[in-house]
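Student: Can you walk me through this one? I'd like to start with the overall layout, then go residue by residue.

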Amino acid sequence: MGMVTMMAQQIRKSSGNENGAGYLFILPWIIGFIAFTAIPFICLFYFTFTKYDLLSSPKWTGLDNFIRMFTADDKFLTSLKVTFIYVLTAIPLRLIFALLIAILLNMKIRFVGLYRTAFYIPSIIGGSVAVAVMWGQLFGLNGAVNAVIEAVFGFRPNVSWIAHPDTALWSLILMAIWQFGSPMIIFLAGLKNIPDSYYEAAVVDGANAFQRFVKITLPLLTPIILFNLVMQIIGGFMTFTQGLIITDGGPLDRTLFYQLHVYRQGFEFLDMGYAAALSCFLLVIVAILTALVFKTSSAWVHYESKG
Amino acid sequence: MIRNSKFSWTKLMIQLMCLVIGAASLYPIAWMIASSFKESSQVFVSAHSLIPAAWDFSNYSNGWKGFAGITFGTFFKNTFIIVCTTVLGTIVSCSLVAYGFARVKFKLKGFWFGTVMLTLLLPGQIVQIPQYIIFHQMGWVNTIYPLVVPAFFGSAFFIFLIMQFIRTIPYELDEAAKIDGCSRFGIFSRIILPLIKPALVTSAIFEFYWSWDNFFGALIYLGKPQMYTVSVALRLFADPSSGTDWSAMFAMATLSLIPPILVFFMFQRYIVEGISTTGLKG
């Protein structure tokens, strides 16, 4: 009898211990998730329906913020358009570029390590203010880009690429493409995982280089392309630093990124309620786009059956 | 013979392409470094040149003076304090949490792991406004707490990364240690922790980069010039309205890129492996 109770106690104790130990280990996450994600998230929805300037207490205004967004805020639509143009051009171009270069580097050429390093360095420092400031001067009226064009082609464009309404956004898109390094490394890892035997078999069957790329490389890389696409799209919608530092949203709001609009509403005009509503809307857009990408993925992403 | 020479032509073309792309990748950075050694009046004269006509080292001392009587020494110190604290917090918290999820069985584990995956997909910027309001209410604005405290409570990305790594360690090691009378925490600290060093280094490096580049957080939370990080200071230094000394600006910008580039060359292997394995192999 005593033996059985002791054993039962032992079992209860040990299983209780595991629960306790488990929660003890993940306790930081639980606290952090509740404090820095869950509560702010709930607050986000609440502030969406208020007018709040941080000084007086929040005032319930119902759907006013959303009505204002769609009827009385030109800059909302402008910023949405700018961000969409940016995401739909910069992200695909960056990924295509990254993929092509990864294929190039995978060809067992000499100095691969050196090239990989050179191509990757812009990605490491690309998000910094230092590089943003530098980019602005590089593409300015008297910047190095115009000087290089003059030295190579013999004429000097009399334009500041970042101050002209037609080219400003493209200078920033170019900056995004310039930072193709991290998707390139992900692609490179994916390419290394494709067994050589696949290509050898294809060669035996008489497939040329293009056919091998379309029938073997591309399908096997689609899971990685999907991963890159989702992460880059989400990141693209959050673009902020470049727009603030290089162009400050101008000229003529042509580089007014959505997050820059949110920042100005929240921190320059202290209209926290409206900024929250804008953030909320962005969340919906990003969620819909991510869902769309995942939904279409079953049609184009190829998963190798395991085993 | 013909086949052979054609083959090397392809290789040559690839080498040329790589050289051109490499030049385009590095030219902007080289230009900035070169400009930091040019006389202020010469930066935008024959701007494309990468070799200063006369080397001017005074840009560095001029730039270092900063503004409002605060030197870049202060800005760098502020940045290092924030970056080191967040890296430390991230490593400690994420390794504990990752171990809990990877090895311990407990109730509602699936639910809590779901919150990790959800957070992984939720862009942090979305909740920045309510986070700011909450930190404002707590009186944390104009302190570094909003920038460093969250790091001590885990980050979804690194928890996931370290978890993936722990899963590759044979479970028998845990069991052997348990039989030898090791406690859960003992198993974690004596068996697992030494084995997951590569994942910890990778996490530390990436947290370092994110924290070093964190401009938005520093911009909204640090309102006093003596608290500024290098990012915020550089932005104010380049204020178009006050006639920027561009060479001095580039000198400080160059200095601010040294730590990330140094870390890159010291830990290149971990970085490449880290990027290659995160979220891809599961």
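**Layout and contacts**

Tutor: Chain A is divided into domain 1 (2–48) and domain 2 (72–300), with bounds from an automatic or database domain assignment. This is a predicted model: local features need pLDDT of at least 70, side-chain atom pairs count only at pLDDT 80 or more, and totals for chains, interfaces and linings use all residues. Residues are numbered from 1 along each chain as its sequence is written, and chains are lettered from A and ligands numbered from 1 in the order in which they are written.

Student: How many Å apart are the C-alpha centres of domain 1 and domain 2 of chain A?

Tutor: They lie 40 Å apart. The contact takes four residues from domain 1 of chain A and six residues from domain 2 of chain A. Two residues are in contact if their C-beta atoms, placed from the backbone, lie within 7 Å.

Student: Now chain B. How many of its residues are in contact with chain A?

Tutor: 71 residues of chain B are in contact with 70 residues of chain A. Elements giving two or more residues to that side of chain B include α1 (2–35), α10 (197–213) and α13 (246–277). Helices here are DSSP runs (H or I, at least four residues), as are strands (E, at least two), numbered from the N terminus. The largest share, 13 residues, comes from α1(B).

Student: What about the largest nonpolar core, how many residues does it have?

Tutor: It has 147 residues. A nonpolar core is a set of buried Ala, Val, Leu, Ile, Met, Phe, Trp, Tyr and Cys residues joined through C-beta atoms within 7 Å. Buried means 20 or more other C-beta atoms within 10 Å of the residue's own, exposed means 12 or fewer, and partly exposed is in between, with C-beta atoms placed from the backbone. A:V133, B:I159, B:I162, B:L234 and B:A253 have the most contacts inside the core.

Student: Which helix gives the most to this core?

Tutor: Helix α3 (residues 72–103) of chain B, with 12 residues. Domain 1 (2–48) and domain 2 (72–300) of chain A both give residues to this core, so it lies between them.

Student: Take A:V133. What is it in contact with, leaving aside neighbours within four places in sequence?

Tutor: A:I245, B:L234, B:A238, B:M249 and B:A253.

Student: Back to α3(B). At what angle does it pack with α7 of chain B?

Tutor: About 50°, with the axes 8 Å apart. Axes are lines fitted to C-alpha atoms, for helices over the stretch in contact, and angles run from 0 to 180 degrees between N-to-C directions. α3(B) and α7(B) are therefore oblique to each other. Under 35 degrees is roughly parallel, over 145 roughly antiparallel, 65 to 115 roughly perpendicular and the rest oblique.

Student: Which residues in α7(B) does α3(B) meet?

Tutor: B:F158, B:I159, B:I162, B:M163 and B:I166. Among the α3(B) residues that meet them are B:C94, B:V97 and B:F101.

Student: New topic. Is B:F215 buried or exposed?

Tutor: B:F215 counts as buried, with 22 C-beta neighbours inside 10 Å. B:F215 lies in the loop between α10 and α11 of chain B. Beyond its neighbours within four places in sequence, B:F215 is in contact with A:V129, A:T241, B:S231 and B:V232.

Student: And where is A:T61?

Tutor: In the loop between β2 (59–60) and α2 (64–71) of chain A. A:T61 is partly exposed, with 17 other C-beta atoms within 10 Å. Outside four places in sequence, A:T61 is in contact with A:F49, A:T50, A:K51 and A:G273.
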